[in-house]
Amino acid sequence: MTVSEVRRKYLDFFQSKGHIIVPSSSLVPENDPTTLFTGSGMQPMVPYLLGQSHPQGKRIVDSQKCFRSQDIEEVGDNRHTTFFEMLGNWSLGDYWKEEQLSWVFAFLTKEIGIPKEKLSVTCFEGDEKLGIPRDTESAEIWERLGIPKERIYFYSAKKNWWSRAGVPENMPVGEPGGADSEIFYQFTQVVHDPAFGEKCHPNCDCGRFMEIGNSVFMEYRKTENGFEKLPQRNVDFGGGLERITTARNDSSDVFTIDVFAPLIQKLAELSGKNYTDTAYTHSFRTVAEHLRASVFLIADGASPSNTDQGYFTRRLLRRAVRHLDLLGIGADTLSSLVEPVVSAYTDAYPSLPQKSDVITSEIGNEEHKFRKTLDMGLKEFSQMAEKSLDKMLSSADAFMLFSSYGLPIDMIKDLAPEKGLTVDTSGFEKELENHHVVSRAGLEKKFKGGLADTSEMSVKYHTATHLLHQALRDVLGDEVGQKGSNITPERLRFDFSFGRKMTDEEKKKVEDIVNAKIKADLPMQRVVMPRAEAEKSGALHFFGEKYGDEVSVYFIGDLLPTAYSKEFCGGPHVTNTGVLGTFKIQKEEAVSAGVRRIKAQLM
Ligand SMILES: [Zn+2]
Ligand SMILES: [Zn+2]
């Protein structure tokens, strides 16, 4: 079966059970300063899991694009990918365990035909201290569905408890969570490796078991002295589309699925090498995976750069170039791999072909640019080799090649012996560790202000962004449209289409308008309405594919028809503009041809 077939069958099946299909959100979350990427299907659903009513109702199903940067170094084995799709179905205060487990089981076994003999499941063993019972309810349902007792496993909170903060002990007061029940596929052709323990079981890392889905039963909230039941209990299912497809085909190698096959084949043609030749398998997989991820990242606005999301696209592409070289494929070939990815995804992401030219040229440019710094880096590398008396590449030098010339780490390690050098590996690892600590600290900063309090300032900046958007249109004309938005608790950043630099006078005018609207203390209100009606109201909207038939519109003013600002938006926002303070534009600059960027603060 193909990825498209499995995705389609999943969406159709849950639609037949009363679910509304919603399109995938962007890989780059909008107006969310807390994370760089959408890393799970649940992430865009958090407001609704916490009680906000979803415009599409209580039963939602989707296939969400996800990217996990922390897995970059893991790519190359048979199962890790940085980009994947997560199939998700949600009950927002509606059905519960009986329906959920029966439906997921029916989807896996009947709809796509995975033999039930290959499935094992896990349940939460309970925690007396916390007053949370063992999940015998799920276990009984599984047994009734046809999973024998010996393939139903119980694990502690470390494996079978879900909250955004992890195990119950780590949850802040007020945080929701609950037990979950995972489904594993067993590759009977993989023999258990005793290095991982005496007996094999679903959470063994030997490769015999692969998790293909998880149903979270969110029913508790942490309190000062334990847990209480939430007023609304939710079900949240997430299952990796690629993994489910791989399991369906009973292959233990995720790179055998149809979306990778044309890439692997093209690489084989270009290189004359064999995918199954273990000297090259790792490189085949790395190029295919990183290229596919980059296509989706660039399509969602994360063009290669040195900061934020773009930094990861750059890293992926550079690693891909490195592995192209290891396969012996010449320069300027990376961009020729874009087309096979786009074709494989056109039915699910119909706007992808329109972006194909831009993606191809950005990937081509990035390869070109990297090969230039690569040449300089290699020259520098040679000089270091000549200068080195002890024939050691010092950790500082190695790190310089990495940080200044962008040479991937594995490349430095590989090339050193060719230049007659030994790498000070332990020093280099330490240097790297420091670097990782620094970048982690950077990430933590992004997480701070976090979801828990959805930082009050971030919410204010979000409302200010709507005011700014309309004020820009008032002053510069209707050609102004949102191209991007990024908010931190310290400032807002707004990218918009406009052909030239703004004059000081124009900037002043925009500031004055925004401040007047703040002073007027206008109410910010939300309505949910049919999409066509919302469009007719004149509400601004920019992310075409993302909206369903019912949309949420935020407007600033007493009534929608006369409101000062109207936008398709998921929130959150302040209730009145009066709380925003004084608005000040700090900077106005070009981002690219026809796109300007404003950074502004509230004082
Ligand atoms: Zn095992
Ligand atoms: Zn908004």
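This is a predicted model: local features need pLDDT of at least 70, side-chain atom pairs count only at pLDDT 80 or more; totals for chains, interfaces and linings use all residues.
Between which two elements does the loop with K391 lie?

**View 1. K391 in its loop.** The loop that holds K391 runs between α11 (352-387) and β10 (392-393). K391 has a positive phi, near 60°, although K391 is a residue other than glycine. Most residues other than glycine have a negative phi. K391 counts as exposed because 11 C-beta neighbours lie inside 10 Å, and the cut-off for exposed is 12 or fewer.

**View 2. D521 in its loop.** D521 is found in the loop between α16 (504-519) and β14 (524-530). Phi of D521 is positive, near 50°, in a residue other than glycine. With 11 other C-beta atoms within 10 Å, D521 is exposed.

**View 3. The crossing of helices α7 and α8.** Helix α7 covers residues 261-271 and helix α8 residues 281-299; their axes come within 10 Å and cross at roughly 130°. The two helices are therefore oblique to each other. The crossing in which α7 passes α8 is right-handed. On α7 the contact is made by L263, I264 and L267, and on α8 by F284, V287, A288 and L291. By class, this contact of α7 with α8 has seven nonpolar residues, with no polar and no charged ones.

**View 4. The two sides of helix α12.** In helix α12 (residues 395-404), the buried residues are D397, A398 and L401. Seen down the axis of α12, these buried residues fall within an arc of 100°, so they line one face of the helix. The face turned away from the buried side carries the exposed residues A396, S403 and S404. Just after α12, G406 takes a positive phi of about 70°.

Key
Residues are numbered from 1 along each chain as its sequence is written. Chains are lettered from A and ligands numbered from 1 in the order in which they are written. Axes are lines fitted to C-alpha atoms, for helices over the stretch in contact, and angles run from 0 to 180 degrees between N-to-C directions. Helices (H or I, at least four residues) and strands (E, at least two) are DSSP runs, numbered from the N terminus. Angles under 35 degrees count as roughly parallel, over 145 as roughly antiparallel, 65 to 115 as roughly perpendicular and the rest as oblique. A crossing is left-handed if the near helix is turned anticlockwise from the far one by less than a right angle, and right-handed if clockwise. Two residues are in contact if their C-beta atoms, placed from the backbone, lie within 7 Å. Ala, Val, Leu, Ile, Met, Phe, Trp, Tyr, Cys and Pro count as nonpolar, Asp, Glu, Lys and Arg as charged, and the others, Gly among them, as polar. A residue is buried if 20 or more other C-beta atoms lie within 10 Å of its own, exposed if 12 or fewer, and partly exposed in between; C-beta atoms are placed from the backbone. The arc is that of the directions from the helix axis to the C-beta atoms.
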